[in-house]
Amino acid sequence: EGIGRAILEVFTLYLAFLLYFIVSLVLLFHKDTFRDHPSILIFVYAFVLLFLLIFGIVLIAQKKSRIQWLQRAVDNLQEMTDDTRLEAMGERAAQVPELFEDISDTLKFKNLYRKREHFWGAVTWQALLLLANVLTLWCAARAVGWPMPFSVAVIVFTLIKLVTISSFVPGALGLFEGIMTVLLISFGAQTGIAITVMLLFR
């Protein structure tokens, strides 16, 4: 149940983030930002790749037969664990099918539909939490004297959240700070103000 709950929490967060990403894309196209800052397209491509990966996992989770190949791969791995050094790896690999079984049970559309009120309630709370972060960024910019438009706060936060989700470094340490500062400067903030806003938001 703990794994299922964690999977659902991540899934609802990604769905809420998808909403913010779509809003950000509309704002970016509306402001012709891609023409002025073509490097932002890297974030768009990264999100599309991440979304396709998650969507693929959800589709695979719909049928039990689709994860049977994983069981065969684990069985083959265990046959090769005659060497004592590989024994521990084989024992850990044996838990992989159980994990995929939990993912499959949690993300099945019929199970999600049965608990749709709770599921969409969780997505709504995740979206409100993201909105609170956008408001925090917007207020931090106003507090240091930069009248950041709210639409810019949405775009910057969404792109930074994408970096945080995609990063293998815990908390995207270093990457978060650098990219947020560059984004704020590219949207018109002075360097000192951009660093201050980044530190206040962090």
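Analyst: The answers below set values against cut-offs, and the model they refer to is predicted.

User: How many helices and strands does the protein chain have?

Analyst: The chain has 11 helices and zero strands. Read from the N terminus, the order of elements is α-α-α-α-α-α-α-α-α-α-α.

User: What share of the residues is buried?

Analyst: Of the 202 residues in the chain, 36% are buried. The label requires a relative accessible area under 20%.

User: Why is Pro147 called exposed?

Analyst: Exposed means over 50% relative accessible area. Pro147 has 53%, so Pro147 is exposed. Pro147 sits in the loop between helix 8 and helix 9. Its C-alpha is 9.3 Å from that of Ala189, and the two residues are 42 apart in sequence.

User: Why is Leu8 called partly exposed?

Analyst: The relative accessibility of Leu8 is 30%. Buried would need a value under 20% and exposed a value over 50%, so Leu8 falls in between and is partly exposed. Leu8 belongs to helix 1.

User: Which residues does Leu8 touch, leaving out those up to four places away in sequence?

Analyst: Leu8 touches Thr106, Leu112 and Phe119. The label means that heavy atoms come within 4.5 Å. Leu8 and Ala122 are 114 residues apart in sequence, with C-alpha atoms 9.0 Å apart in space.

User: Which residues is Leu18 in contact with, again leaving aside neighbours within four places?

Analyst: Leu18, also a residue of helix 1, is in contact with Phe47 and Phe51. The C-alpha atoms of Leu18 and Phe51 are separated by 8.4 Å, although these residues are 33 apart along the chain.

User: What share of contacts between residues at least 6 apart joins residues at least 24 apart in sequence?

Analyst: That share is 65% in this chain.

User: How do you know whether the span of helix 10 is close to the expected one?

Analyst: The expected span is 1.5 Å times one less than the number of residues. Helix 10 (residues 175-186) has 12 residues, for which 16 Å is expected, and its first and last C-alpha atoms are 16 Å apart, so the span is close to expectation.

User: Why are the buried residues of helix 10 said to be on the same side?

Analyst: The buried residues are Phe176, Glu177, Met180, Thr181, Leu183 and Leu184. They cover an arc of only 165° around the axis, which puts them on the same side of helix 10. An α-helix has 3.6 residues a turn, so residues three or four places apart point the same way. The buried residues of helix 10 pack against helix 8 (116-143), helix 9 (150-166) and helix 11 (191-201).

User: What makes the buried residues of helix 11 a one-sided set?

Analyst: In helix 11 the buried residues are Ala194, Val197, Met198 and Phe201. Their arc around the axis is only 100°, which puts them on the same side of helix 11. Leu199 and Leu200, on the other side, are exposed. The cover over the buried residues includes helix 8, helix 9 and helix 10.

User: Which residues touch the most other members of the largest nonpolar core?

Analyst: The core has 49 residues, and those touching the most other members are Leu137, Met148, Val156, Met180, Leu184 and Phe187. Helix 1 (2-30), helix 3 (41-60), helix 8, helix 9, helix 10 and helix 11 each give two or more residues to this core. Helix 9 gives the largest share, 11 residues. Val156 touches Leu137, Met180, Leu183, Leu184 and Phe187, not counting residues up to four places away in sequence.

User: Where does the largest share of the lining of the largest pocket come from?

Analyst: Helix 3 supplies that share, six residues. The lining has 18 residues, and Phe11, Leu15, Phe51, Phe55 and Val58 lie nearest the centre of the pocket. Helix 1, helix 3, helix 7 (109-114) and helix 8 each supply at least two lining residues. The volume of this pocket is about 350 Å³.

Notes: Residues numbered from 1 in each chain as written. Predicted model: local features only at pLDDT ≥ 70, side-chain atom pairs only at ≥ 80, totals over all residues. Heavy atoms only, no water. Helix = DSSP H or I, 4+ residues; strand = E, 2+ residues; numbered from the N terminus. Buried < 20%, exposed > 50% of the residue type's maximum accessible area, 1.4 Å probe, protein only. Arc of directions from axis to C-beta. Core = buried A, V, L, I, M, F, W, Y, C linked by side-chain atoms within 4.5 Å. 1 Å grid on protein atoms, 1.4 Å probe; cavity = no way out; pocket = protein on both sides within 12 Å on 5 of 7 lines; lining within 4 Å. Points joined across faces, edges and corners; volume = space filled by probe spheres on them.
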